[in-house]
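This report goes through selected features of the structure shown below.

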Amino acid sequence: MAYVALSEAEKTFILHGVEEDFRCDGRSRRDYRPMELETGVVSNASGSARLRLANTDILVGVKTEIDVPSPLAPEYGKLEFFVDCSANATPDFEGRGGSDLAQELILSLQNAYESPQAFDYRSLCLIPGQQCWKLYIDILVLECGGNLHDAVSLAAKAALFNTKLPRVTATLLDAGITDLIISDNPYDCTRIGIETAPLLVTVCKIGDYCLVDPTAEEEGCSTVSIVVSVSMRNGEPYLSGTHMTGGGSMHRDTMQNCLQLGLSIGEQLNTLLTKMLKQEQDRVGPKRPKTVGFLK
Amino acid sequence: MLRVTQTKNSLLDGATIADNLYTTPQDCEEFFESLEKPSKDPKKFTPRKTFIRAGVLTTVRGSAYMEYGNTKVLAIVAPPHELMRASARRMNMGVINCYVNFAAFATGELESVPERERHLGSMLTKALEPVVCRTEFLNFQLDIRVLILDDDGCLLSTAINCCGVALVECGISTYDLITASTACIYRNHVFLNPSSKVEELLWKHRGVQIEAASGSAPEEHGLVITASMDTFDQIAQCQQCGYLSPETYVKLLDYTLAVNKSLRQLIRQVLTTRVREQHELDLREKTESALEDKRLKEIIERLQQKGLDEFIQSNIKEDPYVKRM
């Protein structure tokens, strides 16, 4: 994680705040910071989203390509994640400084989206065994204000929701070769189902307590955190990828508490995100008002 | 069995046709049928044959070799040296770097090797960070290298076990002994310490999945790797992938913790015998050097008694060649 200079006194202050359930910015341990989400901001991508979680700023673009499905999964499309920690997020990322963090984010996203239960890969299939969509999910970290895992997964899910795949019709030619015809009408497109797409929730342990959505300062104080990937299916939360990070260890019971907290938060976050995405879509529709000033 | 050898025939118009050489989802199905299913009560599992030895290499301070069934892993720990990257220096703790390498013959699938090496390296670092007293080597970095000689499943957990032994052998202070194990669930069968075949089946699961009827609970599949330090019941790392309900997750976690406990006994025993062995070696060395000292002392005494010339004369053996001439 990005480095924040903190003195012992500051750390103690944060620790006491967490113990009192009243954090530096007035939140309780279960609260998220205000979030700002906008979809369809990049004109050259099939789908995009920009998420601002207090100081953390993420921009995601989804690009599409037609590919050959893997032989063992002829009915599945493909997803590929890429995270770029740009040097303007924090000076630490200059040169190759951000590559470790980027690698970690890519791995956790890949892990979370790995299972076909977590993401409906069938919807990306064009012709089983021959052609499928491959989605490139490019994530740009514009500013780093803590809690990157959560922000990145939220933004990725929103961008997937926003992704429009052009409608494709296939004609059979000789020798079993198929020819794809991509629709000319830009509004003739299909959407991707994201009901089960996972969200990552970082549960951070500071002192004896667990909290969600840590700021960069709080991350500096934490001994260990657990990244829980929550996928909702039939109204039940499922785990689709979990790992611990931060260089500490925890007791089994603590871990179970963290897991419970992460699951309940993930559930709430998921319903809220779906609701907001639907609302935005209904309000803005296909005709988006021209916005001036991209980053605002 | 599950190896994929895909060949592509490029046609003139750029389209490709995949040949039928690869294994099909049907083959996976058949393989699963042929697989020996574990009993419903995984507590009565048969442990894998385990062999651990500390100090196998003489060129490095800390080394360990572990065989876990057919999985063979060699770990090397060098004493900490000064940080090379200045940017990491601001941390108030030492830095651990783990590098995992596959031997060229370790695995059949060569394409994914670089990616797996990176992944294993980062997971290994995460698992070992809690166990090493990193405050003791501020501004230093500890390089841990792992060579995988043979892959038959449970790679990460075997590597963690092996590194734990190598760390102790190198004399790096650790908070506790670290042990790790793997458990996975596939089609409601719990496999403890899955072999590479089962693990592969799990990854390829995406292709052979039976469509879960809507409304019913989705089929769970997944893998849990737990590294624990049992003196204070601490979990150093717990990685999960796949799709699991929280209850199944906790169940698998408990299974792995139980395996860790039994492994801990073994590692402890190996380390104590190693220390004892070393102690005996030290003792023997000490007696030998004492004998040497004694011999030298005698010579000096004789020298003092006889005087220099006489002593030299008494020690000159007649040269047989000189005599002949």
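## An exposed strand residue

In this predicted model, strand β6 of chain B, residues 81–82, contains B:E82. Is B:E82 buried or exposed? B:E82 has 9 C-beta neighbours inside 10 Å, and since a residue with 12 or fewer is classed as exposed, B:E82 counts as exposed.

When neighbours within four places in sequence are left aside, B:E82 is in contact with B:N139 and B:F140. B:T59 is 23 residues from B:E82 in sequence, and their C-alpha atoms are 20 Å apart in space.

## Chain B overall

Chain B has 325 residues, and 36% of them count as buried. Its secondary structure consists of eight helices and twelve strands. Among the contacts in chain B with a separation of 6 or more, 68% join residues 24 or more positions apart.

## The nonpolar core

In soluble globular proteins, nonpolar side chains tend to be buried together. Here the largest nonpolar core has 149 residues. The residues with the most contacts inside this core are A:A155, B:A75, B:L124, B:A159 and B:C163. Helix α3(B) supplies the largest share of the core, eleven residues.

What does B:A159 touch, leaving aside its neighbours within four places in sequence? B:A159 is in contact with B:V73, B:A75, B:V100, B:L120, B:L124 and B:V146. Of these partners, B:A75 and B:L124 are also listed among the core residues with the most contacts.

## Helices α2 and α3 of chain B

Two packed helices are described by the angle between their axes and the distance between the axes. For helix α2 of chain B (residues 113–128) and helix α3 of chain B (residues 155–170), the axes come within 10 Å and cross at roughly 45°. That angle makes α2(B) oblique to α3(B). The crossing of the pair is right-handed.

On the α2(B) side, the contact is made by B:L120, B:M123, B:L124, B:A127 and B:L128. On the α3(B) side, B:L155, B:L156, B:A159, B:I160 and B:C163 take part. By class, this contact has ten nonpolar residues, with no polar and no charged ones.

## Helices α6 and α7 of chain B

Helix α6 of chain B covers residues 246–306 and helix α7 of chain B covers residues 308–315. Their axes are 7 Å apart, and the two helices pack at an angle of about 125°. This makes α6(B) oblique to α7(B), and their crossing is right-handed.

Which residues make the contact between α6(B) and α7(B)? From α6(B) come B:R302, B:L303 and B:K306, and from α7(B) come B:E310, B:F311 and B:S314. Sorted by class, the contact of α6(B) with α7(B) has two nonpolar, one polar and three charged residues.

Helix α2 of chain A (residues 99–113) packs with α2(B), their axes coming within 11 Å and crossing at roughly 100°. Because angles of 65 to 115 degrees count as roughly perpendicular, α2(A) is roughly perpendicular to α2(B).

In this pair, A:Q103, A:E104 and A:L107 of α2(A) meet B:R118, B:H119 and B:S122 of α2(B). The contact of α2(A) with α2(B) has one nonpolar, three polar and two charged residues.

Notes
Residues numbered from 1 in each chain as written. Chains lettered and ligands numbered in written order. Predicted model: local features only at pLDDT ≥ 70, side-chain atom pairs only at ≥ 80, totals over all residues. Axes fitted to C-alpha atoms, helices over the stretch in contact; angles between N-to-C directions. Helix = DSSP H or I, 4+ residues; strand = E, 2+ residues; numbered from the N terminus. Parallel < 35°, antiparallel > 145°, perpendicular 65-115°, else oblique. Left-handed = near helix turned anticlockwise from the far one by under 90°. Contact = placed C-beta atoms within 7 Å. Nonpolar A, V, L, I, M, F, W, Y, C, P; charged D, E, K, R; others polar. Buried ≥ 20, exposed ≤ 12 C-beta atoms within 10 Å, placed from the backbone. Core = buried A, V, L, I, M, F, W, Y, C linked by C-beta atoms within 7 Å.
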